Every structure is written in structure tokens, then in C-alpha cells.
Amino acid sequence: MAVEPFDTVDLIRTKRSHGALSTPEIDWLVDAYTRGYVGDEQMAAFAMAVFLNGMERREIKDLTLAMIASGERMSFGSLGKTTVDKHSTGGVGDKITLPLAPLVATFGVAVPQLSGRGLGHTGGTLDKLESIPGWQAAISNERMTEILDQVGAVICAAGSGLAPADKKLYALRDITGTVECIPLIASSIMSKKIAEGTAALVLDVKFGSGAFMADFEQSKLLAQTMVDLGTDAGVATSALLTDMEVPLGLTIGNALEVRESVEVLAGGGPADVVELTVALASEMLRLAGQPDADPAAALADGRAMDTWRRMIEAQGGDASASLPVAAESHVVTATESGVLTTQEALPFGIAAWRLGAGRARAQDPVQAGAGIELHVKPGDTVTAGQPLWTLHTDEPARFERALESLDGAWSIGDAAPQRGPIVRERIQ
């Protein structure tokens with residue numbers, strides 16, 4: 001039996017005492033954890049030490065590269081197209097990937113979008129697309145490359161071979177209170193994105209009530225850390241810091257968000273969804289060498305919609321089929337006249353989750369038709385008795401807890417609130 005070169009407890013003590021681990025120590029720790037030599041309880045102690053004491057830039061880079069090395073690396077070099085991807089840190093009503101991938105692909109760029117499922121109040125892109133009859137999330141790497149070649153965009157589940165160390169560590173962080181840790185978040189996201197083999201990457205880093213990190217400065221630090229990691233790994237990377245104080249668009253929930261995405265692709269849809277889609281598309285196309293591209297025109301003239309239909313059908317989906325509708329609905333009306341002044345994203349995300357749009361555990365099912373339709377947004381004038389939002393679910397017993405989570409999450413006043421632009425800053 002081979003002698004291990006390091007002692008796990010020594011490495012934990014080093015981080016506990018504010019020390020830095022060497023590159024060989026980090027490489028060994030990640031490898032030993034992946035193969036089961038280092039136990040979950042030891043990795044949990046290490047994660048908490050990092051949570052409390054942080055990591056140097058070089059350590060974060062080493063951790064990221066070690067997690068990439070734990071699995072396969074994809075390559076799209078044979079495509080003959082520039083590849084560019086987008087990653088969002090998640091929010092409430094964030095359906096941007098759906099219109100964005102086909103929009104960018106319309107310009108001859110390949111968009112390999114490996115996406116995930118929702119957990120808690122943030123919705124999962126795959127859950128949304130699975131509300132389309134016939135659509136399949138799981139496809140082979142070979143099929144993925146074929147679709148990128150023929151259509152230009154693919155949204156699918158990441159294979160188990162990409163950064164398996166991260167998958168194991170992510171599950172552990174979820175149950176040990178070490179999720180909101182910049183070195184661990186940044187290395188988790190970037191290990192998967194770099195292993196995916198994209199040449200360029202745009203990060204949509206949210207701040208505000210419904211964001212993974214509510215604080216603007218912390219979100220900015222996370223964005224800079226991830227941009228540095230991408231740049232160090234040879235991936236052209238930039239980030240947009242975007243507002244998630246209020247839900248994005250007018251829908252929260254799987255089939256509801258698909259419907260709204262199709263409206264955007266048809267040249268309509270809510271202004272904030274269109275604004276962010278176009279901003280991210282412009283940034284992706286800039287990194288792909290097309291700074292003068294006009295994504296807004298491709299939404300308006302139907303080109304992006306054509307790409308969407310081909311993308312959905314390439315994975316077995318029926319782009320013309322009716323989307324699922326929940327069996328029950330409940331309308332919340334205004335108690336007084338005035339202006340909607342607040343609408344906090346997080347409680348609305350939790351309400352949609354409680355209606356069945358999300359899951360509490362990875363194995364839970366989701367309801368395709370569950371969620372919330374917003375009839376007004378902050379700044380809109382309302383009159384007493386007017387519908388504010390409609391809640392949808394297949395199980396009426398869920399309404400009570402969903403309504404509880406909305407208590408105090410919105411208010412009606414006299415004056416319209418001051419809101420800044422949705423894209424607050426660009427980091428590169």
C-alpha cells in the first residue's frame with residue numbers, strides 16, 4: 001500500500017491557523033478526497049477553515065485546477081466556431097439562458113450551455129426546459145457537438161465526468177453551512193466552466209434580495225475572483241454585476257418562464273428581461289470577436305426564434321406544443337390604491353418554491369406549471385382591488401404557506417421607488 005505524501009489533519013490545521021497550502025498539498029487533498037481517502041468529516045473541517053479564513057489567489061487557482069483535473073476536460077476545437085458560454089449565479093425569475101443561447105448562436109458563435117437544476121428559491125434551467133413536451137436534458141458529448149455544429153446552441157445537463165471533486169464538495173458544503181464562501185463558490189463554478197472547454201465566458205453575477213450574495217461589494221469580489229480564475233486558465237472572461245432586488249420579468253416558475261422567454265424571442269416580453277438578454281449577448285459576442293453585432297435586431301426580426309425552435313427540436317422537444325398549466329390558481333389583489341414601492345425577490349422565490357416550482361432536496365420532483373405571474377412591478381400605479389399577482393399550483397394546500405412567505409415582501413405607497421440600471425458594472 002502506497003504511503004500518502006501528506007497528513008490531512010496537518011492541512012486542516014494550516015488553514016485553521018490562517019496559513020496557505022502549497023500547490024502539491026492542494027492537488028493531493030482534492031485527489032485524496034475524490035478517491036475517498038480523505039473523509040467527508042475532514043473535508044467539512046477544511047471547508048469551514050476556508051470559510052472562516054479565506055484563501056490566497058494562488059490557492060484558489062490551485063483548488064480550481066485540481067478540481068478540473070479530477071475529471072475529464074471537454075474540447076470543441078474541432079467545431080471551427082468560436083465557443084462562448086454564460087453563467088449566472090442565480091436569482092428569482094432568471095430565465096435569461098433560454099432566449100440568450102439561441103440569440104448568440106444566431107451570429108455563428110457556438111454556445112455550449114451546461115446547466116443545472118434548481119434547489120431552494122433559485123430555479124434551474126433544466127427544470128424550465130423539461131416543461132416543454134419531449135425535451136431531453138441528458139445527451140452525449142458527441143450529440144452535443146453535433147447540435148453545436150448544426151444549430152449553434154445547446155442547453156443540457158453536465159455529464160458526471162466534469163469536475164467530480166466539485167460535485168462531491170458542493171453536496172458537502174450544502175449541509176455544513178459553508179455555501180457562501182467566495183473561494184469555494186468561485187472554484188466550484190469555474191472548475192466546471194473551464195473543464196467544459198469554452199474559449200470565452202461571461203458571468204452574470206447577481207446582487208440584491210434574491211441573489212446568492214445580497215451584498216453588492218461581496219458580489220463584486222466574487223465576480224473579480226472568478227474573472228481572475230478564468231483569465232489565469234486562458235479563458236477570455238468578463239462579468240456583469242446585475243440587480244436582483246426584485247424578480248426578473250413577470251414570471252417565476254418553470255413553464256411560466258419558458259412562455260415568457262418565447263415572448264422575448266418573438267420580439268416582445270418584459271423590458272428588464274430584454275435589456276439583460278441583450279446586454280449579456282453583446283458582452284458574449286464582444287468576447288467572441290464581434291463587438292459590432294446587434295443582438296436586439298436579431299430578437300426583433302425573428303432570427304433568434306428560428307434558432308430556438310431548432311435548438312429545442314434537436315433535443316426531442318416540441319417547440320409548438322402547449323406548455324403545462326397548473327390545476328389551481330389564486331389571485332392576490334391590492335388592498336389600497338397607490339404605487340407599488342417594494343417587491344423583494346427572495347420571498348417571491350420562496351413562494352414559488354412552496355407552490356411546487358422548486359425543490360427542497362435534489363431528488364424532489366417539481367411541478368411544471370407551478371409558480372407566480374406578476375401583473376405589476378415596482379413603480380406601477382395600482383388601484384384597490386386590482387390583481388397584483390396570480391399564484392399557480394396543482395395542490396391547493398400549498399397556497400397558505402406560499403402566501404405566508406409573501407407577508408411583508410411588498411408595499412404600496414405614494415411615490416415610485418428609485419431604481420438603478422439592471423447592469424450595474426462590468427468587470428474584466
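Glu263 and Arg259 both lie in helix H11, four residues apart, about one turn of the helix. Helices here are DSSP runs of H or I with at least four residues, strands are runs of E with at least two, and both are numbered from the N terminus. An α-helix has 3.6 residues a turn, so residues three or four places apart point the same way. The side chains of Glu263 and Arg259 form a salt bridge, 3.7 Å from N to O; the term requires a side-chain nitrogen of Lys or Arg within 4 Å of a carboxyl oxygen of Asp or Glu. Glu263 is partly exposed at 35% relative accessible area, and Arg259 is partly exposed at 34%. Buried means under 20%, exposed over 50%, and partly exposed in between, with a 1.4 Å probe and protein chains only.

The model is predicted: local features need pLDDT of at least 70, side-chain atom pairs count only at pLDDT 80 or more, and totals for chains, interfaces and linings use all residues. Residues are numbered from 1 along each chain as its sequence is written, and side-chain values use heavy atoms, without hydrogens or water.

The salt-bridge count comes to 25. One of them pairs Lys128 with Glu257, with the closest N and O atoms 2.9 Å apart. This pair links distant parts of the chain: Lys128 is in helix H6, Glu257 in helix H11, and 129 residues separate them. Lys128 is buried at 2% relative accessible area. Glu257 is buried at 3%. Glu196 and Lys193 also form a salt bridge, at 3.3 Å from N to O. Both Glu196 and Lys193 are buried.

Helix H14 covers residues 303-314. Its 12 residues should span 16 Å at 1.5 Å a residue, and the end C-alpha atoms are 17 Å apart, which agrees. The expected span is 1.5 Å times one less than the number of residues. Buried residues of H14 include Met305, Trp308 and Ile312. The buried residues of H14 pack against several elements, among them helix H5 (97-105), strand E3 (153-157) and helix H11 (254-265). Gly316 follows H14, with a positive phi near 85°.

Glu59 lies in helix H4 (residues 57-69). Glu59 is buried, at 1% relative accessibility. A polar atom of the Glu59 side chain lies 2.8 Å from the backbone nitrogen of Leu21. Beyond neighbours within four places in sequence, Glu59 contacts Lys15, Gly19, Ala20, Leu21 and Ile26, where contact means heavy atoms within 4.5 Å.

How values were computed:
A polar contact is a pair of N or O atoms within 3.5 Å; within protein, one must be able to donate a hydrogen and the other to accept it, and residues adjacent in sequence count only if both atoms are side-chain atoms.
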